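With the structure open in your viewer, please follow this short tour, which moves from a single side chain to a pair of helices and then to one further helix.

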Amino acid sequence: MTETNFRTDLDADGVLSIVWDMPGRSMNVLTEDAIRELASLVERVASDEAVKGAVISSGKPGSFSGGADLTMLEGLARLYATEMAKNGEAAAAKALFDGSRQLSLLYRRIETCGKPWVAAINGVCLGGAFELALACHWRIASNDPSTRVGLPEVKVGLFPGAGGTQRVARLLPPGDALQMLMKGEQIRPDKARGMRLVDEVAPKDEMLAKAKAWIVNGGKAVKPWDEKGFKLPGGPVWSKPGFMTFPPANAIYRRETQDNYPAIRAMLQSVFDGLQLPMDLALTVESRQFAKVLRSPEAAAMIRTLFVSMQELNKGARRPKSVPETKLTKVGVVGAGFMGAGVAYVTAQAGIEVILVDRDQDAADKGKAFAEKLISGQVVKGRATGAQRDALLSKITPTADYGALAGCDLVVEAVFEDPKVKAEVIAKVEAAIGPDAIFASNTSTLPISGLAKASSRPDQFVGIHFFSPVEKMLLVEVIVGEKTGDKALAVALDYVRAIKKTPIVVRDSRGFYANRCVIAYMLEGHLMLSEGVPVAMIENVAKQAGMPVGPLSLNDEVALDLGLKIIDATRAQLGDEAVNPAQEKLLRALVETHGRLGRKNRKGFYDYPETGKKSLWPGLADLQDKKLDPETLDVTELRHRLLVAQALEAARTVEEGVVTDMREADVGAILASASRPIPAAR
Ligand code: NAD
């Protein structure tokens with residue numbers, strides 16, 4: 001077979017160098033073609049007497065590989081459905097099982113082919129690619145800052161199903177192994193070395209020579225677990241340390257996920273069962289669990305939304321194709337308050353020069369001080385260097401002089417939510433910037449088309465709606481006003497891409513998209529409280545439904561008086577019928593009678609003591625006209641209410657044409673509700 005995805009070279013010592021370098025792609029991925037070619041190379045290594053061993057590395061400068069092509073896995077799940085329709089359940093299950101364990105069998109063949117294999121890793125090596133490395137007999141990672149290894153499959157509703165669970169759990173003590181598998185983190189080379197996930201760390205340009213030397217010097221082609229007398233690092237599963245690991249791991253899984261992640265449950269089972277078996281049987285157990293997870297609706301939805309759709313949106317699926325890409329070099333941020341300071345930080349982090357304007361120098365300096373605090377925190381945690389901090393801060397120029405905005409490609413305003421203040425700012429900014437520059441507003445409630453009336457060039461006016469905290473939240477809504485032109489939309493999307501956030505394009509309307517779903521969620525919580533559902537039960541069923549925080553807790557974070565302001569504005573704009581009387585009564589009692597504004601004054605649905613944990617305010621019981629007996633309540637129905645309320649609102653936005661692309665509806669709903677943002681699959 002002639003390979004197109006791999007280059008090979010056999011040296012005088014009999015070491016076959018296999019360089020993975022897929023044409024036309026910036027990063028290697030495990031596609032069906034790549035797997036077929038790798039399988040043929042493995043057979044060549046096994047059978048060719050001239051080959052003493054193999055070193056596999058990547059031809060891509062900054063990466064080894066991001067892992068398996070998830071659309072291929074999605075295809076396997078579809079195969080199950082078609083087989084099921086044609087030949088029934090048993091045939092479908094077999095087809096899926098056989099199809100989904102190809103990679104696992106191939107990696108096992110590498111491990112047992114009798115010749116030593118070394119993985120030489122520079123850059124990211126994740127998922128199925130790191131499972132390939134784990135199957136090799138020796139792993140050398142470069143000490144390049146870009147190098148990371150890890151198994152992030154849980155983040156898309158899967159688990160490492162090509163031997164990853166079994167090999168990690170035979171290399172690491174079970175507690176560490178389960179933690180690594182459950183977190184799906186990307187691990188730096190030194191830490192990976194300490195954990196024994198890699199065997200050696202070397203400078204990039206010495207890595208290949210060292211890999212070859214390991215083979216020439218007699219590197220062993222047998223894994224410890226295939227040798228007689230192998231002992232698991234943490235002792236057997238049925239031992240005291242085993243008992244101290246597995247039952248708590250199950251409890252942690254349930255505490256963290258409320259049993260909403262079948263992939264993690266299946267992974268725990270796979271490790272627990274697999275560690276009691278010899279490797280080949282253990283891999284079969286892993287494959288059975290993997291096939292089961294592949295056909296779960298959770299995996300299908302997570303792959304579609306968090307990988308396929310998110311990647312397409314990140315790559316500019318909604319960007320007008322006719323406009324050439326803008327590489328932003330200078331961006332203005334006006335308003336250095338809570339949001340503006342965050343916007344300045346993420347923009348400078350992307351290497352873009354930022355002019356940060358506020359009413360006076362002091363206010364502008366405060367915005368920059370926020371960026372300094374954030375980046376210094378990163379330095380303390382070892383996530384950034386002193387040089388990176390200095391570089392970032394040197395990009396931000398705080399000033400009260402609008403004239404400094406000259407030369408900006410884009411200006412984002414984040415001043416007070418007041419149309420008059422915004423109109424003044426628009427005029428001042430437009431007087432300072434060039435004719436091609438784009439103006440963006442970060443308003444959360446004011447219609448973009450209304451604000452654009454203050455602009456002398458409304459076609460260059462767009463909404464860029466960030467979520468707080470800006471440095472953590474991955475979602476950005478790009479709002480298209482009546483007169484917003486293609487260039488403004490394209491520049492906004494180029495900017496969002498540059499700062500590595502995920503954009504959704506939303507039509508200008510009240511509440512845009514994401515906040516409408518959030519507001520519907522909080523309203524349902526308020527209604528349950530008014531109906532007499534025990535308050536703790538509302539918060540608990542929300543978490544059981546998979547929400548990161550309960551609706552009452554969330555309302556405390558965004559402020560209860562803001563809720564009342566929204567009610568007032570809704571009445572003014574849409575009339576009495578648009579306001580829910582039970583919700584209004586509840587919020588007025590909390591804010592106006594009891595002075596409870598939320599976390600910001602330490603009094604909301606919860607009490608927030610100076611020290612210690614928050615707890616539900618006992619006075620809430622007095623705001624309920626009647627009390628329902630929890631024993632008579634249907635928990636499933638309550639859970640569904642909290643989810644359906646949001647789904648219905650999302651459907652309405654689609655019906656109204658606010659959101660026009662289902663990918664955006666899915667991705668927006670998840671990223672906006674994630675209090676702990678989900679790392680993007682880029
Ligand atoms: P903030 O009060 O913290 O900051 C506003 C800043 O604007 C202040 O520093 C103020 O000095 C400055 N400012 C006011 N008038 C100015 C002028 N004429 N020229 C220059 N600077 C001026 O408010 P914030 O929470 O950062 O909100 C800012 C904008 O972002 C609002 O439009 C808001 O709706 C929107 N927003 C807020 C959130 C949030 O969670 N707070 C989320 C998304 C969007």
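Begin by selecting Ser455 together with Ile426, Glu430 and Phe461, the residues that Ser455 touches once those up to four places away in sequence are set aside. Bear in mind throughout that the model is a predicted one. Ser455 sits in the loop that runs between helix 18 (448-451) and strand 16 (461-466), and its side chain makes a polar contact of 2.6 Å with the side chain of Glu430. Is Ser455 buried or exposed? Its relative accessible area is 9%, and because buried means under 20%, Ser455 counts as buried.

Next, select helix 20 (residues 514-531) and helix 25 (residues 635-655), whose axes come within 8 Å and cross at roughly 145 degrees; the crossing of these two helices is right-handed. To display the contact itself, show the side chains of Arg516, Cys517, Ala520, Tyr521, Glu524, Gly525, Leu527, Met528 and Glu531 on helix 20, and those of Leu638, Arg641, Leu642, Ala645, Gln646, Glu649, Ala650, Arg652 and Thr653 on helix 25. Coloured by class, the contact of helix 20 with helix 25 comprises nine nonpolar, three polar and six charged residues.

Finally, move to helix 26 (residues 662-673), whose twelve residues reach 17 Å from the first C-alpha to the last, close to the 16 Å expected at 1.5 Å a residue. Which residues of helix 26 are buried? They are Glu664, Ala665, Val667, Gly668, Leu671 and Ala672, and the elements covering them include helix 13 (297-314), strand 17 (475-480), strand 18 (502-507) and helix 20.

Note on methods. Residues are numbered from 1 along each chain as its sequence is written. This is a predicted model: local features need pLDDT of at least 70, side-chain atom pairs count only at pLDDT 80 or more; totals for chains, interfaces and linings use all residues. Side-chain values use heavy atoms; hydrogens and water are left out. Helices (H or I, at least four residues) and strands (E, at least two) are DSSP runs, numbered from the N terminus. Buried means under 20% relative accessible area, exposed over 50%, partly exposed in between (1.4 Å probe, protein chains only). A polar contact is a pair of N or O atoms within 3.5 Å; within protein, one must be able to donate a hydrogen and the other to accept it, and residues adjacent in sequence count only if both atoms are side-chain atoms. Contact means heavy atoms within 4.5 Å. Axes are lines fitted to C-alpha atoms, for helices over the stretch in contact, and angles run from 0 to 180 degrees between N-to-C directions. A crossing is left-handed if the near helix is turned anticlockwise from the far one by less than a right angle, and right-handed if clockwise. Ala, Val, Leu, Ile, Met, Phe, Trp, Tyr, Cys and Pro count as nonpolar, Asp, Glu, Lys and Arg as charged, and the others, Gly among them, as polar. The expected span of a helix is 1.5 Å times one less than its number of residues.
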